[in-house]
Amino acid sequence: MKECFKCEETKSLSEFYKHKQMSDGYLNKCKECAKLDSKNNEKNTSKSELSYDKTEIGVTRVIYKTQIFNSKKRNHEKPEYTKKELSDWLYKNGFKELYDIWKNNSYDKKLKPSCDRQNDFKKYSLDNIKLTTWDNNKKNQITDIYMGRSTSGQMCKKLLQFDSNKNLIAEYVSFSSARRAMRYTMEYSIRSGKKDRNGFYWMYK
Ligand SMILES: [Zn+2]
């Protein structure tokens, strides 16, 4: 039997975790108390991390980290500014206003301040970034794909149009130019390889 120093209950040794460094070979708090402690610790850590990510400094930190990550992912040079320089730039360019809107809207993901490049082909520099919201950033990425740029910054392939007998009838410079010409999206047709609503087949060159 052993007394737990936390709940002060006397329990059998099987109710205590083994621990080599303790003189009797068992922890001084019972299993129940040990579990409770570790649970509370987890809760406290995730709680404080979460709230930090929602602070102004937390958001700017994540923006910087994301840019470093994106640069690596796309094999571009790292941002040519420091975290501090980015932060100064953000505040000069309306970050606080965007942040307040986000906060006042219960931290709606769509409104979260975000900072992206103006030109994806160029590296992150103070004259090639723009402040926006998470939702706009996503929309821009989608526009880029339609405009013939992939997220990796490469130009998209040409799109070929075939008639219902699979004869090639047209070649478009990009998905977006085909979509503009046809006035509808053939995205599903490209992906599935099936005829579109007008009986055309589509395939990237
Ligand atoms: Zn206990």
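Cysteine 30 is buried in this predicted model, because 24 other C-beta atoms lie within 10 Å; a residue is taken as buried if 20 or more other C-beta atoms lie within 10 Å of its own, as exposed if 12 or fewer do, and as partly exposed in between, with C-beta atoms placed from the backbone. Cysteine 30 belongs to strand β4, which spans residues 26-30, where strands (E, at least two residues) and helices (H or I, at least four) are DSSP runs numbered from the N terminus. Leaving aside residues up to four places away in sequence, cysteine 30 touches Cys4, Cys7, Glu9, Lys11, Glu15 and Phe16, a contact being counted if the C-beta atoms of two residues, placed from the backbone, lie within 7 Å. Glutamate 15 is 15 residues from cysteine 30 in sequence, and the C-alpha atoms of the two are 5.8 Å apart.

Glycine 199, by contrast, counts as exposed, because it has 10 C-beta neighbours inside 10 Å. Glycine 199 is located in the loop between α7 (187-192) and β9 (201-204), and its C-alpha atom is 5.5 Å from that of serine 164, although 35 residues separate the two in sequence.

The protein chain as a whole contains seven helices and nine strands, and 16% of its 205 residues count as buried. Among contacts between residues at least 6 apart in sequence, 37% join residues at least 24 apart.

Residues are numbered from 1 along each chain as its sequence is written. As the model is predicted, local features need pLDDT of at least 70 and side-chain atom pairs count only at pLDDT 80 or more, whereas totals for chains, interfaces and linings use all residues.
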